[in-house]
Amino acid sequence: MPRRSPGHRTTSRKKEHVEITLGKDVRFRGKTTGLERLEFVHNALPELNFDDIDTRTRFLGKELALPLMVSCMTGGYAGALSINRDLASVCESARIALGVGSQRQALEDTRYHRTFSVVREAAPSIPVVGNIGAAEVALMKDPSAAQRLAELVGADAFAVHLNPLQEFLQPEGNPAFRGVLGGIAMLVRALPVPVIVKEIGAGLSPGVIRRLLDAGVGIIDVAGAGGTSWAGVEALRRKDRAEAELFWDWGIPTANAVADAARIRAEGREFTLIASGGIASGLDAAKCIAMGADIAASARPLLAALKNGGRAGLRKLIDAWSREIRGAMFLTGSAGLCDLKTAQLVSYKKHDTGEFPPAV
């Protein structure tokens, strides 16, 4: 049997990741996003009409109808072509942003380039975000490779995903992260589009966020814990699962990560804040915006909706989330997203009786 090329291995892994995330239970087991502990303070006198609510916002210089992004998904294998085309088509019609999956495979060979480029073909006007892993960035001596990847998808921004947990646990992983921060700073200086730095489900701590801001990064995606566990995904790919099982619930819950990032911005540090990691409803998205995020992003629920119901199923879910965001805005008296950012959230903790105490 001929030896597999690195590109072939990456292609197979990408396909396997999608199959596992859609077909297996890879949610966090003992940890949640923390968003379920937060509730809006109800405003019984909103003094506005539901139809007057405005959910529009600007992201990467373009107008979105909703503060939502379909987070970095897939690409780099044959089956990804139709997935990315359908995702892009629905995002274009719904006027929300879209991120492609890691473009590492596109660096290794050109065979599946169109699984990435099809996104811009199907979505000519919305913000599109390219994507590469931190380990690849650490090896870059200049921005040329990242520039080619950004051009491949007609990107409005280019994301670097920080995934040390996944690389540590992945059977073919590359946990070589020395030089990542310097590589990110180089891309910030050299790329003609903004650089987004994101985790993939284990969260960003305040210390990491500050270091990224010091390196010039202007867009942060906290991608906290509580949704898909990539340690769990990799556990299901390994023959010996014990180590990966131990780290299944590793990470900073999304609510904590968003709150920490918002506090840093309140200190006067200017950056765009994306909330992701277990966002499972429009209400989750609204809570994150009230905490200080500019937009929310989600991956697995939207991909599952596409798989189970096609484009119509995905659009139905996005429309439902839209109504949920608008519902939260109406019930807090928020006519626009700026108002929603000032809406009050309270944290409820159960008594031993299981009853919730009154809000303070």
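User: How do the residues of the lining of the largest cavity divide into nonpolar, polar and charged?

Analyst: This is a predicted model, so read every value as computed from it. The lining divides into eight nonpolar residues, five polar ones and one charged.

User: How is such a space found in the first place?

Analyst: Rolling a probe the size of a water molecule over the atoms shows where empty space is left. In this structure there is one cavity of 30 Å³ or more.

User: What volume does the largest cavity have, and which residues are closest to its centre?

Analyst: Its volume is about 70 Å³. Lining residues number 14, and Leu165, Ile200, Gly201, Ala202 and Trp230 are the closest to the centre.

User: Which helices each supply at least two residues of that lining?

Analyst: Two helices do: α7, residues 164-169, and α10, residues 230-237.

User: Next, the nonpolar core. How many residues has the largest one, and which have the most contacts inside it?

Analyst: A core is read as a set of buried nonpolar residues joined through their side chains. Here the largest has 87 residues. Val160, Leu162, Ile184, Leu187, Ile209 and Ile220 have the most contacts inside it. Helix α14, residues 300-330, gives the most to this core: ten residues.

User: Take one of those residues. What is Ile209 in contact with, leaving aside neighbours within four places in sequence?

Analyst: The list for Ile209 is Leu204, Ile220, Val222, Ala261, Ile264 and Phe271. Ile220 also belongs to the group with the most contacts inside the core.

User: Now accessibility. Is Val208 buried, partly exposed or exposed?

Analyst: Compare the relative accessible area with two cut-offs: under 20% is buried, over 50% is exposed. Val208 counts as partly exposed because its relative accessibility is 25%. Its place is in helix α9, residues 206-214. For a sequence-to-space check, pair Val208 with Leu181: they are 27 residues apart in sequence and 9.9 Å apart in space, C-alpha to C-alpha.

User: On to charges. How many salt bridges are there?

Analyst: Look for a Lys or Arg side-chain nitrogen within 4 Å of an Asp or Glu carboxyl oxygen. The count by this rule is 22.

User: Where in the chain are the partners Glu172 and Arg237?

Analyst: First the distance: their side chains meet in a salt bridge at 2.8 Å, N to O. The pair links distant parts of the chain, 65 residues apart. Glu172 is in the loop between α7 and α8 (180-190), while Arg237 is in helix α10. Glu172 is partly exposed because its relative accessible area is 31%. Arg237 is buried, at 14%.

User: Which residues are linked with Glu172 and Arg237 in a network of salt bridges?

Analyst: Glu16 and Glu234.

User: How does the pair Glu243 and Arg238 read?

Analyst: Their side chains form a salt bridge at 3.3 Å, N to O. Glu243 is partly exposed, with a relative accessible area of 34%. Arg238 has 18%, so it counts as buried.

User: Are Arg265 and Asp294 buried or exposed?

Analyst: Both are buried. Arg265 forms a salt bridge with Asp294, with the closest N and O atoms 2.6 Å apart. This pair too links distant parts of the chain, 29 residues apart. Arg265 is in helix α12, residues 254-266. Asp294 is in the loop between α13 (282-291) and β11 (295-298).

Note on methods
Residues numbered from 1 in each chain as written. Predicted model: local features only at pLDDT ≥ 70, side-chain atom pairs only at ≥ 80, totals over all residues. Heavy atoms only, no water. 1 Å grid on protein atoms, 1.4 Å probe; cavity = no way out; pocket = protein on both sides within 12 Å on 5 of 7 lines; lining within 4 Å. Points joined across faces, edges and corners; volume = space filled by probe spheres on them. Helix = DSSP H or I, 4+ residues; strand = E, 2+ residues; numbered from the N terminus. Nonpolar A, V, L, I, M, F, W, Y, C, P; charged D, E, K, R; others polar. Core = buried A, V, L, I, M, F, W, Y, C linked by side-chain atoms within 4.5 Å. Buried < 20%, exposed > 50% of the residue type's maximum accessible area, 1.4 Å probe, protein only. Contact = heavy atoms within 4.5 Å.
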